[in-house]
Amino acid sequence: MDYDGPILDDHLHLDPVNGRVVEAVEEFADAGGTHLLVLNKPSWSLGVEVDEADDFREGFDLTVDAVERATEVLDGRAWPVLGVHPALVSQLVDRGYTPEAARDLMCAGLDVAAEYVSDGPALAIKSGRPHYDVDEAVWDASNAVMRHAFERAAEVGCAVQLHTESGEEFGEVADWAEARGLPREQVVKHYAGGRTVGPMPSVIARKSEIEDALDHGRPFMLETDFLDDPDRPGAVLGPKTVPRRTRWLLESGHGDAVRTAHVETPARVYGIDTEATLTG
Ligand SMILES: [Zn+2]
């Protein structure tokens, strides 16, 4: 590939308990990838049962470790994005929590994530709401959790990645962030389609969605949502996908979109410099 700039996967998981971690990062790097945002896996997938705020730390620390190992094999670097998976609300309710008690525990988990941003290695916070149907009390609790994430992110000065239901129209959610002092461009819709309205789209790296995003004309980033789960190898895109799609974009004359996705948008959203951190 006749391109020696940065290539960022904006959302992938490394599973330090069950996964391949460094091998997966090497695949990404061999394909030309340079930078990664690594999301902590849901607490339950790491075998962690949470009942108080400090219980979130184990999953966060495991992710921070995996990020350090990833950075060792990258020409650029990796950063952790830490937070509370929105589906935790259902796990807690199933275990006997009221929606309100689940909300409070999840907000406390986000406070810990914000602490890892302000005092530690994390770059951003992850929040959102369930992608499946839930009853009204759980939906209200989930929206309250998401708004709490916006509040904390505004305080510590970082972006929020959102895991939500599918769809395109998220203007109201971006308004909630703005009302709490978080600029809407620091709200990132993870697993986005190409026509997302409201937050900054982190487009899932399928050709059809990327074509939609090019048509739509707004800035976007690219991600795989790679799970690093040996039991579900085909569940999402593999670690080589963002470098491959980047090559395809360059070959089809979209050098501008490549620069926007891998340099300019990450700088605006997260305040990171993917060029200065490239040593390759
Ligand atoms: Zn994910």
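## Contacts and the overall fold

Two residues are said to be in contact if their C-beta atoms, placed from the backbone, lie within 7 Å. The structure discussed here is a predicted model, and every value below is computed from it.

The protein chain holds nine helices and eight strands. Its radius of gyration is 18 Å, close to the 19 Å that the globule rule gives for 280 residues, so the chain is as compact as a globular protein of that length. Taken along the principal axes, the C-alpha atoms fill a box of roughly 55 × 35 × 35 Å. Of the 280 residues, 49% are buried, and among contacts between residues at least 6 apart in sequence, 69% join residues that are at least 24 apart.

## The nonpolar core

The largest nonpolar core has 81 residues, and those with the most contacts inside this core are Val38, Ala124, Ile125 and Val160. Helix α4, which covers residues 99-118, gives the most to this core, with nine residues.

Val38 shows what such a position looks like in detail. When residues up to four places away in sequence are not counted, Val38 touches Leu12, His13, Leu14, Thr63, Ala66, Val67, Ala70, Ala78, Pro80 and Val81.

Strand β2 is mostly covered, since five of its five residues are buried. In a regular strand the side chains alternate between the two faces of the sheet. Both faces of β2 are covered, with His35, Leu37 and Leu39 buried on one side and Leu36 and Val38 buried on the other. Strands β1 and β2 pair in the parallel sense over four bridges, and the bridge partner of Leu8 in β2 is His35.

Helix α2 runs over residues 56-73, and at 1.5 Å a residue its 18 residues should span 26 Å, which agrees with the 27 Å between its end C-alpha atoms. An α-helix has 3.6 residues a turn, so residues three or four places apart point the same way.

Helix α5 (residues 136-156) has 21 residues and reaches 30 Å from its first C-alpha to its last, close to the 30 Å expected at 1.5 Å a residue. The buried residues of α5 include Ala141, Val145, Met146, His148 and Arg152. Together, the buried residues of α5 pack against β3, α3 (88-94), α4, β4 (124-128), β5 (160-163) and α6 (171-179). Helix α5 is followed by Gly157, whose phi is positive, near 75°.

## Helix α8 and positive phi angles

In helix α8, which covers residues 241-251, the buried residues are Thr241, Val242, Pro243, Arg245, Thr246 and Leu249. They pack against β1 (8-13), α1 (22-30), α7 (207-216), β8 (221-223) and α9 (255-270). Just after α8, Gly253 takes a positive phi of about 85°.

Positive phi values are also found in residues other than glycine. Tyr191 has a phi near 55° and is placed in strand β6, residues 187-192; with 22 C-beta neighbours inside 10 Å, Tyr191 counts as buried. Asp225, whose phi is likewise near 55°, is found in the loop between β8 and α8. Since 20 or more other C-beta atoms within 10 Å make a residue buried, Asp225 counts as buried with its 20 neighbours.

Ala101 lies in helix α4 and is partly exposed, with 13 other C-beta atoms within 10 Å. Ala101 and Trp44 are 57 residues apart in sequence, and their C-alpha atoms are 18 Å apart in space.

Ala276 lies in the segment after α9 and is exposed, with 10 other C-beta atoms within 10 Å. The C-alpha atoms of Ala276 and Val156 are separated by 23 Å, although these residues are 120 places apart along the chain.

Notes
Residues are numbered from 1 along each chain as its sequence is written. This is a predicted model: local features need pLDDT of at least 70, side-chain atom pairs count only at pLDDT 80 or more; totals for chains, interfaces and linings use all residues. Helices (H or I, at least four residues) and strands (E, at least two) are DSSP runs, numbered from the N terminus. The radius of gyration is taken over C-alpha atoms; the globule rule is 2.2 Å times the number of residues to the power 0.38. A residue is buried if 20 or more other C-beta atoms lie within 10 Å of its own, exposed if 12 or fewer, and partly exposed in between; C-beta atoms are placed from the backbone. A nonpolar core is a set of buried Ala, Val, Leu, Ile, Met, Phe, Trp, Tyr and Cys residues joined through C-beta atoms within 7 Å. The expected span of a helix is 1.5 Å times one less than its number of residues. Two strands pair if DSSP finds at least two bridges between them.
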